[in-house]
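Work through the exercises below with the structure in view. Each task is followed by a solution in steps.

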Amino acid sequence: MANFSGGKIKDNYLRTLERIAEAAYGAGRKPEDVKLVVVTKTHPIEVVEAVAEAGGKYLGENYAEEAALKIESLSSQYSVQWHMIGHVQSRKASLVCDYFDYLHSLDCLKLAVRLDRLAAERSRVLPVLLELNLGGEESKFGWPLWKEEQWQSILSDIVQVLDLLHLQVKGLMGMAPFFDDAEKARPYYKRLRLFQEFLQSHLPQVTWSELSMGMSADFEVAVQEGATWVRIGQSILGPRKSS
Ligand SMILES: *Cc1c(COP(=O)(O)O)cnc(C)c1O
(Lines give C-alpha, C1' and ligand atoms only; values in the text may rest on other atoms or scores of the structure.)
Protein backbone atom coordinates (compact mmCIF):
# COMPACT_ATOMS: atom_id res chain seq x y z
CA MET A 1 0.00 0.00 0.00
CA ALA A 2 1.02 3.57 -0.61
CA ASN A 3 2.87 5.16 2.25
CA PHE A 4 0.50 8.00 3.07
CA SER A 5 -2.70 8.71 4.91
CA GLY A 6 -5.57 10.70 3.41
CA GLY A 7 -6.58 11.86 6.90
CA LYS A 8 -3.14 13.24 7.57
CA ILE A 9 -3.12 15.06 4.23
CA LYS A 10 -6.48 16.60 5.03
CA ASP A 11 -5.31 17.72 8.49
CA ASN A 12 -2.17 19.26 7.02
CA TYR A 13 -4.11 20.94 4.24
CA LEU A 14 -6.57 22.53 6.66
CA ARG A 15 -3.81 23.54 9.05
CA THR A 16 -1.95 25.20 6.18
CA LEU A 17 -5.07 27.16 5.21
CA GLU A 18 -5.29 28.33 8.84
CA ARG A 19 -1.68 29.45 8.85
CA ILE A 20 -2.24 31.36 5.61
CA ALA A 21 -5.33 33.02 7.11
CA GLU A 22 -3.45 33.99 10.27
CA ALA A 23 -0.60 35.48 8.26
CA ALA A 24 -3.09 37.39 6.09
CA TYR A 25 -5.06 38.80 9.05
CA GLY A 26 -1.81 39.75 10.76
CA ALA A 27 -0.85 41.79 7.70
CA GLY A 28 -4.28 43.40 7.37
CA ARG A 29 -5.19 41.29 4.35
CA LYS A 30 -8.15 39.07 3.60
CA PRO A 31 -7.45 35.31 3.68
CA GLU A 32 -9.53 34.81 0.54
CA ASP A 33 -7.06 36.96 -1.38
CA VAL A 34 -4.42 34.25 -0.97
CA LYS A 35 -4.90 31.01 -2.91
CA LEU A 36 -3.10 27.78 -2.12
CA VAL A 37 -1.49 25.64 -4.82
CA VAL A 38 -0.75 22.20 -3.39
CA VAL A 39 2.43 20.99 -5.08
CA THR A 40 2.03 17.29 -5.87
CA LYS A 41 5.17 16.79 -7.99
CA THR A 42 6.79 13.35 -7.51
CA HIS A 43 3.72 12.10 -5.60
CA PRO A 44 1.53 9.32 -7.01
CA ILE A 45 -2.08 9.68 -8.16
CA GLU A 46 -3.39 8.39 -4.81
CA VAL A 47 -1.89 11.43 -3.12
CA VAL A 48 -3.40 13.73 -5.76
CA GLU A 49 -6.78 12.16 -5.05
CA ALA A 50 -6.35 12.63 -1.32
CA VAL A 51 -5.61 16.33 -1.87
CA ALA A 52 -8.68 16.73 -4.08
CA GLU A 53 -10.73 14.83 -1.48
CA ALA A 54 -9.46 17.16 1.25
CA GLY A 55 -10.80 20.10 -0.76
CA GLY A 56 -7.66 21.18 -2.66
CA LYS A 57 -8.66 23.16 -5.74
CA TYR A 58 -5.31 24.09 -7.25
CA LEU A 59 -2.66 21.45 -7.90
CA GLY A 60 0.90 22.33 -8.85
CA GLU A 61 3.31 20.23 -10.90
CA ASN A 62 6.85 20.81 -12.23
CA TYR A 63 7.26 18.18 -14.91
CA ALA A 64 4.83 18.27 -17.82
CA GLU A 65 4.95 14.56 -18.68
CA GLU A 66 4.58 13.36 -15.11
CA ALA A 67 1.67 15.76 -14.69
CA ALA A 68 -0.06 14.76 -17.93
CA LEU A 69 -0.28 11.15 -16.71
CA LYS A 70 -1.82 12.22 -13.41
CA ILE A 71 -4.19 14.66 -15.07
CA GLU A 72 -5.39 11.87 -17.39
CA SER A 73 -5.96 9.50 -14.49
CA LEU A 74 -7.63 11.81 -11.97
CA SER A 75 -11.36 11.13 -11.86
CA SER A 76 -13.47 13.88 -13.44
CA GLN A 77 -15.57 13.98 -10.27
CA TYR A 78 -12.96 16.36 -8.86
CA SER A 79 -12.94 19.86 -10.26
CA VAL A 80 -9.38 20.98 -9.79
CA GLN A 81 -7.18 23.41 -11.69
CA TRP A 82 -3.72 22.31 -12.76
CA HIS A 83 -0.91 24.81 -12.38
CA MET A 84 2.47 24.43 -14.06
CA ILE A 85 5.08 25.85 -11.69
CA GLY A 86 8.35 24.43 -13.07
CA HIS A 87 10.65 25.41 -15.92
CA VAL A 88 9.09 24.53 -19.28
CA GLN A 89 11.47 23.13 -21.89
CA SER A 90 10.63 24.12 -25.47
CA ARG A 91 9.67 20.63 -26.48
CA LYS A 92 7.27 20.31 -23.55
CA ALA A 93 5.40 23.54 -24.32
CA SER A 94 2.63 21.75 -26.21
CA LEU A 95 1.94 19.48 -23.21
CA VAL A 96 1.59 22.57 -21.06
CA CYS A 97 -0.94 24.02 -23.49
CA ASP A 98 -2.86 20.76 -23.66
CA TYR A 99 -3.06 19.95 -19.97
CA PHE A 100 -2.63 22.99 -17.76
CA ASP A 101 -5.00 25.74 -16.67
CA TYR A 102 -2.36 28.20 -15.53
CA LEU A 103 1.38 28.75 -15.89
CA HIS A 104 3.39 30.33 -13.04
CA SER A 105 6.78 29.98 -14.68
CA LEU A 106 6.88 31.90 -17.95
CA ASP A 107 10.60 32.66 -17.82
CA CYS A 108 11.66 34.06 -21.21
CA LEU A 109 10.37 35.74 -24.34
CA LYS A 110 11.19 32.77 -26.57
CA LEU A 111 8.97 30.46 -24.50
CA ALA A 112 6.22 33.07 -24.54
CA VAL A 113 6.25 33.25 -28.33
CA ARG A 114 6.10 29.48 -28.62
CA LEU A 115 3.29 29.07 -26.08
CA ASP A 116 1.31 31.83 -27.76
CA ARG A 117 1.49 30.03 -31.10
CA LEU A 118 0.51 26.69 -29.55
CA ALA A 119 -2.36 28.27 -27.63
CA ALA A 120 -3.57 29.95 -30.83
CA GLU A 121 -3.58 26.59 -32.63
CA ARG A 122 -5.78 25.26 -29.84
CA SER A 123 -8.03 28.34 -29.80
CA ARG A 124 -7.33 28.92 -26.15
CA VAL A 125 -5.88 31.62 -23.95
CA LEU A 126 -3.35 30.57 -21.31
CA PRO A 127 -3.19 32.59 -18.07
CA VAL A 128 0.46 33.18 -17.16
CA LEU A 129 2.70 34.73 -14.54
CA LEU A 130 6.11 36.10 -15.48
CA GLU A 131 8.90 34.48 -13.49
CA LEU A 132 11.62 36.73 -12.11
CA ASN A 133 14.93 35.47 -10.78
CA LEU A 134 15.02 37.21 -7.40
CA GLY A 135 18.43 36.29 -6.06
CA GLY A 136 20.66 35.68 -9.07
CA GLU A 137 21.00 31.97 -8.34
CA GLU A 138 22.21 29.93 -11.32
CA SER A 139 19.72 27.19 -10.50
CA LYS A 140 16.73 29.50 -10.92
CA PHE A 141 15.05 30.71 -14.08
CA GLY A 142 13.41 33.97 -15.06
CA TRP A 143 14.23 37.57 -15.86
CA PRO A 144 16.98 38.91 -13.54
CA LEU A 145 15.61 41.20 -10.88
CA TRP A 146 18.45 41.65 -8.42
CA LYS A 147 19.72 44.98 -9.79
CA GLU A 148 17.37 47.88 -10.42
CA GLU A 149 19.42 48.96 -13.48
CA GLN A 150 18.07 45.84 -15.15
CA TRP A 151 14.42 46.70 -14.69
CA GLN A 152 14.18 48.97 -17.71
CA SER A 153 15.57 46.31 -20.06
CA ILE A 154 13.24 43.65 -18.65
CA LEU A 155 10.41 46.02 -19.54
CA SER A 156 11.14 45.78 -23.26
CA ASP A 157 10.76 41.99 -23.18
CA ILE A 158 7.58 42.28 -21.18
CA VAL A 159 6.08 44.73 -23.65
CA GLN A 160 6.57 42.06 -26.31
CA VAL A 161 4.95 39.37 -24.14
CA LEU A 162 1.93 41.63 -23.70
CA ASP A 163 1.47 41.73 -27.49
CA LEU A 164 0.86 37.96 -27.55
CA LEU A 165 -2.90 37.63 -27.67
CA HIS A 166 -3.15 34.00 -26.57
CA LEU A 167 -1.34 34.59 -23.30
CA GLN A 168 -3.09 36.46 -20.54
CA VAL A 169 -0.53 38.01 -18.20
CA LYS A 170 -1.87 38.06 -14.65
CA GLY A 171 1.18 38.97 -12.59
CA LEU A 172 4.54 37.76 -11.35
CA MET A 173 6.19 34.73 -9.77
CA GLY A 174 9.47 34.43 -7.91
CA MET A 175 11.38 32.13 -5.59
CA ALA A 176 13.58 33.30 -2.74
CA PRO A 177 16.81 31.40 -2.10
CA PHE A 178 16.34 28.73 0.55
CA PHE A 179 17.07 29.90 4.11
CA ASP A 180 16.65 28.16 7.46
CA ASP A 181 15.29 31.45 8.74
CA ALA A 182 12.22 32.50 6.71
CA GLU A 183 12.78 36.16 7.65
CA LYS A 184 15.76 36.18 5.31
CA ALA A 185 13.42 35.58 2.36
CA ARG A 186 11.53 38.81 3.10
CA PRO A 187 13.73 41.27 1.14
CA TYR A 188 13.40 39.08 -1.98
CA TYR A 189 9.63 39.07 -1.78
CA LYS A 190 9.60 42.81 -1.08
CA ARG A 191 11.60 43.34 -4.26
CA LEU A 192 9.12 41.33 -6.33
CA ARG A 193 6.33 43.44 -4.87
CA LEU A 194 8.24 46.63 -5.78
CA PHE A 195 8.71 45.38 -9.32
CA GLN A 196 4.97 44.73 -9.51
CA GLU A 197 4.40 48.40 -8.60
CA PHE A 198 6.97 49.47 -11.19
CA LEU A 199 5.10 47.50 -13.87
CA GLN A 200 1.76 48.81 -12.71
CA SER A 201 2.98 52.36 -13.27
CA HIS A 202 4.79 51.68 -16.58
CA LEU A 203 2.31 49.25 -18.13
CA PRO A 204 -1.06 50.16 -16.61
CA GLN A 205 -2.99 48.42 -19.40
CA VAL A 206 -2.42 45.16 -17.48
CA THR A 207 -3.78 44.42 -14.02
CA TRP A 208 -0.65 43.12 -12.34
CA SER A 209 -2.66 41.73 -9.49
CA GLU A 210 -1.23 38.26 -8.94
CA LEU A 211 1.97 37.50 -7.04
CA SER A 212 2.99 33.84 -6.76
CA MET A 213 5.56 33.61 -3.99
CA GLY A 214 6.14 31.50 -0.89
CA MET A 215 6.75 27.78 -0.33
CA SER A 216 6.68 25.50 2.72
CA ALA A 217 9.74 27.16 4.26
CA ASP A 218 8.60 30.77 4.01
CA PHE A 219 4.97 31.16 2.92
CA GLU A 220 3.88 33.21 5.94
CA VAL A 221 6.49 35.83 5.16
CA ALA A 222 5.38 35.81 1.51
CA VAL A 223 1.74 36.32 2.52
CA GLN A 224 2.77 39.26 4.72
CA GLU A 225 4.55 40.72 1.69
CA GLY A 226 1.56 40.41 -0.62
CA ALA A 227 1.46 36.90 -2.12
CA THR A 228 -1.83 36.04 -3.82
CA TRP A 229 -0.68 32.50 -4.66
CA VAL A 230 1.46 30.33 -2.39
CA ARG A 231 2.89 27.04 -3.70
CA ILE A 232 3.20 24.46 -0.95
CA GLY A 233 4.26 20.82 -1.10
CA GLN A 234 6.18 19.38 1.84
CA SER A 235 4.21 21.06 4.63
CA ILE A 236 1.11 19.24 3.41
CA LEU A 237 2.44 16.05 1.81
CA GLY A 238 5.65 15.40 3.72
CA PRO A 239 9.12 15.09 2.22
CA ARG A 240 9.56 14.11 -1.41
CA LYS A 241 11.64 11.04 -2.21
CA SER A 242 13.41 12.46 -5.23
CA SER A 243 14.61 15.99 -4.58
C1 LIG B 1 8.66 22.12 -5.39
C2 LIG B 1 8.24 23.54 -5.57
C3 LIG B 1 7.43 24.19 -4.61
C4 LIG B 1 7.00 23.54 -3.31
O5 LIG B 1 8.07 23.43 -2.45
P6 LIG B 1 7.85 22.88 -0.94
O7 LIG B 1 9.13 23.14 -0.28
O8 LIG B 1 7.54 21.43 -1.10
O9 LIG B 1 6.71 23.62 -0.37
C10 LIG B 1 7.03 25.48 -4.89
N11 LIG B 1 7.39 26.12 -6.01
C12 LIG B 1 8.16 25.53 -6.94
C13 LIG B 1 8.52 26.29 -8.17
C14 LIG B 1 8.61 24.23 -6.74
O15 LIG B 1 9.40 23.67 -7.66
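**Exercises on a ligand site and a helix residue**

This is a predicted model, in which local features need pLDDT of at least 70, side-chain atom pairs count only at pLDDT 80 or more, and totals for chains, interfaces and linings use all residues. Residues are numbered from 1 along each chain as its sequence is written, and side-chain values use heavy atoms, with hydrogens and water left out.

**Exercise 1.** Find polar contacts (pairs of N or O atoms within 3.5 Å) to oxygen atoms of the ligand.

Solution. Start with S216: a polar atom of its side chain is 2.5 Å from a ligand oxygen. Next, use backbone N or O atoms: one of G233 lies 2.9 Å from an oxygen atom of the ligand, and one of Q234 lies 2.8 Å from an oxygen atom of the ligand.

**Exercise 2.** Is K110 buried or exposed?

Solution. First locate K110: helix α5, residues 109-121, contains it. Then apply the cut-offs, with a 1.4 Å probe and protein chains only: buried is under 20% relative accessible area, exposed over 50%, partly exposed in between. K110 has a relative accessible area of 62%, so K110 is exposed.

Notes: A polar contact is a pair of N or O atoms within 3.5 Å; within protein, one must be able to donate a hydrogen and the other to accept it, and residues adjacent in sequence count only if both atoms are side-chain atoms. Helices (H or I, at least four residues) and strands (E, at least two) are DSSP runs, numbered from the N terminus.
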